[in-house]
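Hello,

Here is the structure I promised to pass on. Please open it first, then read my notes below.

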Amino acid sequence: QELQEVAGMYHTDWMRLWSLNLDLGHPDFIFYRDHAEINIGHMYRAPPRELPQELAKRMGMTMDQLHVLNNDLNPERELMPGSMLCVIPNSCMGMKRTIYSDLEFADQNNMVKNKFDNQQG
């Protein structure tokens, strides 16, 4: 089976799939091994109060593509905080800035703080 066929099933292109699966070797064919897995996208951990439409817009994806990758997704409800979703970011279509753009890491535990917390106004 060609990588292009698999990419078509998930509304993406063969080059993105190949870049996530360099162990496939040649991009024109998928050489199946016993129970071989193919990475389709990146795993994303949902923060509190995020809507699926916001995630899709930020990642440059359509809601249809997000739903194909996460078939149990309810587009009308907030994502469950901490839930893992499969995403295929599109850097040409994604948002340049988000509500998270002004956050920075405060320590090694990945605790975030607002950049403006330390500024006095």
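Trp18 is partly exposed, with a relative accessible area of 27%. The classes work like this: buried is under 20% relative accessible area, exposed is over 50%, and partly exposed lies in between (1.4 Å probe, protein chains only).

Before going on, some ground rules. This is a predicted model, where local features need pLDDT of at least 70, side-chain atom pairs count only at pLDDT 80 or more, and totals for chains, interfaces and linings use all residues. Residues are numbered from 1 along each chain as its sequence is written, and side-chain values use heavy atoms, with hydrogens and water left out.

Back to Trp18. The structure holds 1 aromatic pair. Trp14 and Trp18 form it, in a tilted arrangement, at 6.2 Å centre to centre and 40 degrees between the planes. (Rings of Phe, Tyr and Trp, the last by its six-membered ring, pair if their centres lie within 6.5 Å; planes under 30 degrees apart are stacked, over 60 edge-to-face, the rest tilted.) The two are 4 residues apart in helix α2 (residues 14-20), so about one helical turn separates them. Trp14 is partly exposed too, at 30%. Helices (H or I, at least four residues) and strands (E, at least two) are DSSP runs, numbered from the N terminus.

Next, the loops. His11 has a positive phi of about 55 degrees, although it is not a glycine. His11 sits in the loop between α1 (3-9) and α2. Arg49 also has a positive phi, near 65 degrees. Its loop runs between β1 (42-45) and α3 (52-59). Arg49 is exposed, at 63% relative accessible area.

The largest nonpolar core has 20 residues, and Leu55, Leu66, Leu85 and Val87 have the most contacts inside it. α1, α3, α4 (63-69) and β2 (84-87) each supply at least two of its residues. (Such a core is a set of buried Ala, Val, Leu, Ile, Met, Phe, Trp, Tyr and Cys residues joined through side-chain atoms within 4.5 Å.)

Best wishes
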